[in-house]
Amino acid sequence: MFPKKIALLISFLLISIISNSQTLNSNKTFLYQGRIEKLQNDNVILIATASSVSFNFTGNECSISLQSVDAYEHHNYVSLVLDGKYIGKIRIEKGAVQSFPVKVTSNQKEHRLEIYKNTEAHTGGVLFAGTTAKLTSILFKKKKKIEFIGDSITCGAASDGSDIPCDKGEYYDHHNSYYAYGPTLSREIGVDYLMSCVSGIGMYRNWNDEHKDEAIMPDVYPNLYLTKDTSKPKYDFAFQPDIISIALGTNDFSGGDGKKERLPFNPEKYISNYINFIKMLYEHNPKVQIVITNSPMVGGERGVVFEDCLNKVKNAFANDKTHKPIQIFKFKPMTPSGCSGHPDVAEHKVLADEYAPFLKKLLNEK
């Protein structure tokens, strides 16, 4: 049924090279960032939330070639930023590689286009198959780095109903990773970032699962594609962030859909899994500063239990002289107004403004 598509994918997927999360191509014309997979001929698959490819070019002509490369067929999204200005989302339909013209209106000599994957890893990859633009070299300025590990809130999921209203379309139609709190605050304080987030996921159980069938974050994190699929490459941990921010717990505390069996929250399992997850992160990032956060969506008695759990996780490393002391950050309570009970774009800006000074202070203490 899909011979043409399979042949196309085979041609692109020859000699796959795992990205180190932040790298230039050999000609220094493309900058790749985030969880991506590098292919031949400067093609890349944008995998995870806000993974990106950027390039500089001259002239007013530019079109880009993109394709949704999914295990199942549906559309995807990327956000475009031209000369530092957000110009909107592109919807990439299923099927063959598509060409998208990018309108250039300014008369400046050189332009920069940044392409960010808007949707999550589980929505399928977005293949960047090149551009018609007249490329120039792109500089890679070394910055301090933050990795954001989390769930749908971290991903900017269901935050943007501007193109398709919240009561229309699919869940991923309302994603906007570019304006999620992590990327937003990273631009504010001038750092590079990596997003490792999955909607519905938790530290010991997920939104509507007791970890009987579905994979939790400690299961999927070491896989480049944030999945348990052993056919996919492993994550190489080459990003080496200065700070890792972990925001997981909203789904562990969730009551689910009210239909599937949901046991009472188990603090012992949550704390144990959290401690082991941090130990794994330390193995690959021995010099990192880890920050663990509460959730703006978990309040009342559950919020008290949540904070107690975070304190116990922190205290478990109190005598660890090898690593920097774990820090806790507390978001203020929020009643979200985005799609399906998530923060919207404006509320992500609020979260970013809360969190940015805390992270900036930690970075400046190095």
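A residue counts as buried when its relative accessible area is under 20%, as exposed when over 50%, and as partly exposed in between (1.4 Å probe, protein chains only). The model is predicted, so local features need pLDDT of at least 70 and side-chain atom pairs count only at pLDDT 80 or more, while totals for chains, interfaces and linings use all residues. Residues are numbered from 1 along each chain as its sequence is written, and side-chain values use heavy atoms, with hydrogens and water left out.

**Helix α7**
- Helices (H or I, at least four residues) and strands (E, at least two) are DSSP runs, numbered from the N terminus.
- The buried residues of α7 are G303, F306, C309, L310 and V313.
- Seen down the axis of α7, these residues fall within an arc of 120 degrees (taken from the directions from the helix axis to the C-beta atoms), so they line one face of the helix.
- On the other side of α7, E301, V304 and N315 are exposed.
- The cover over the buried residues of α7 includes α5 (250-253), α6 (267-284), β17 (289-293) and β18 (327-329), where contact means heavy atoms within 4.5 Å.

**Residue T29**
- T29 lies in the loop between β2 (22-24) and β3 (31-33).
- T29 has a relative accessible area of 13% and is therefore buried.
- Apart from neighbours within four places in sequence, T29 is in contact with S54, F55, N56, L135, T136 and I138.
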